[in-house]
Amino acid sequence: MRADMYLVHLLLRLLALLPLRTLQAAGALLGRIALWRRTRTAHHVAVNLAIARPGLDEAARAALLREALAESGKSATEIVKIWGGGAERALRLVREVRGEALFDAALAARKGVIIAAPHLGCWELLNYWLCRKTPMAILYRPPRIAAVEGLLRKVRGALAPEQVRAEGAGVRTLYKRLAAGGTVGILPDQKPRAGEGEFAPFFGREALTMVLLPRLAARTGATVLYAFAERLPRGAGYRIHFLPAPDGLADADLATACTALNRGVEACVNLAFAQYQWQYKRWSADNRPSPYDRGNHARTD
C-alpha cells in the first residue's frame, strides 16, 4: 500500500473511534450545506426526485430533497466507521436481518446465488455481512486512482469479497462461480456503457439498464435475491433486508427481463426511499437528451 494510502488508513482508524451517530450527523450537515449552496449534486438529486415522485407538492418535494441530501451525506461519512473500525466491529452495528431465510434457502439449494444490491443504504456493510456467511465475488469497476485498490483490500480485511473486474475475463469468472453453486454480487442499477444495456422503465421513466444480471440468471438458473442495509435513525445501526426477485427477471426477452430488474430495485428503494443514491445520474444516456441539463427539466430547486 502506498505511503499516502497508509496515512489515509490511519486517519480512518482514528475517526472510527467516533460514535456512528456523530459521524452521520456530520454527513447530514454536509447535505444541508450542499442544499444551501445549490451544488451540482443537489441539482441532480432534485431532478431525480422530481422524476421518481412527480405527484408531490412543492413543500413535500422540498422536505424530501432535504432528507435525501442528508442521507447522501451520511453515506459518505459513515464509511469511516465501516472501514476504519474493521469488519467484525462494523458487523456489531447490524440490529436486524429481514428475509434471511430466503438467503439461507438459496445457499442450501447449491444452484448459485446472485445478490442484486442497489446503491441504497450502506452497501459496504452488506458486503461484510454476506462474506461472513459465504465466500462471494462482486463485479466492480476499478477506482480511477489505482492506489485506492490497495486501501480497499486493507480496510476490508478477511471479509473482503473477491473483486471481479467488469470485463470479459471477469464476467466468465462470475459464470464459473455460479455454475459451481457460488455467490456473486452485482449492483443492478449500475448504468451500463453505451451499447451494453437495454432501456426499461425505472420509476416511470426509461433508463438504460444492465443486461448482464438477467443473462447470468437465465443461463445459470441461479437464484436472484435483492439485498440492502438500511440505515436506522439517530445512529442506531442498520437493518439488512433480503427480497425475492420479481417474476420475469430471467426472461429471454431482454426488455421484459430489464423491466423486472428495475421493479426489484424500486421495491428496495421504496422501503428506504431517501437512502437511495439519488445524486447518481440514472436517467442519462449518450443518445438521449439529459434531464440533468438545467434547460431540460423545470422546477428542480
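A: Thr 209 lies in strand 7, which covers residues 205-210; helices (H or I, at least four residues) and strands (E, at least two) are DSSP runs, numbered from the N terminus. The model is predicted, with local features requiring a pLDDT of at least 70 and side-chain atom pairs counted only at pLDDT 80 or more, whereas totals for chains, interfaces and linings use all residues. Residues are numbered from 1 along each chain as its sequence is written, and side-chain values use heavy atoms, with hydrogens and water left out.

Thr 209 is buried, its relative accessible area being 0%; the term buried stands for under 20% relative accessible area, exposed for over 50%, and partly exposed for values in between, with a 1.4 Å probe and protein chains only. Its side chain makes a polar contact of 2.9 Å with the side chain of Asn 262, a polar contact being a pair of N or O atoms within 3.5 Å of which, within protein, one must be able to donate a hydrogen and the other to accept it, while residues adjacent in sequence count only if both atoms are side-chain atoms. Leaving out residues up to four places away in sequence, Thr 209 touches Pro 192, Gly 197, Glu 198, Ala 200, Cys 258, Leu 261, Asn 262 and Arg 282, where contact means heavy atoms within 4.5 Å.

One of these neighbours of Thr 209 is Cys 258, which is itself buried, with a relative accessible area of 0%. A search of the whole structure finds zero disulfides, a disulfide being a pair of cysteine sulfur atoms within 2.5 Å. Cys 258 is in none, and the nearest cysteine sulfur, that of Cys 268, is 16 Å away. For Cys 131, likewise, the closest cysteine sulfur belongs to Cys 122 and lies 14 Å away, too far for a bond.

Just after helix 11, Gly 221 takes a positive phi of about 75°. Leu 213 is also one of the residues that touch the most other members of the largest nonpolar core, which has 47 residues; the others are Ile 114, Tyr 226, Trp 278 and Trp 283. Such a core is a set of buried Ala, Val, Leu, Ile, Met, Phe, Trp, Tyr and Cys residues joined through side-chain atoms within 4.5 Å. Helix 3 (residues 40-52) gives the most to this core, with seven residues.

Seven strands form an open, mixed sheet in the order 1-9-8-2-5-3-4; two strands pair if DSSP finds at least two bridges between them. Strand 1 (94-98) and strand 4 (162-165) each have a single partner strand, so one side of each is left without a neighbour in the sheet. Strand 2 (residues 113-116) runs parallel to strand 5 (residues 183-186), joined by four bridges, and four bridges also join strand 2 to strand 8, again in parallel.
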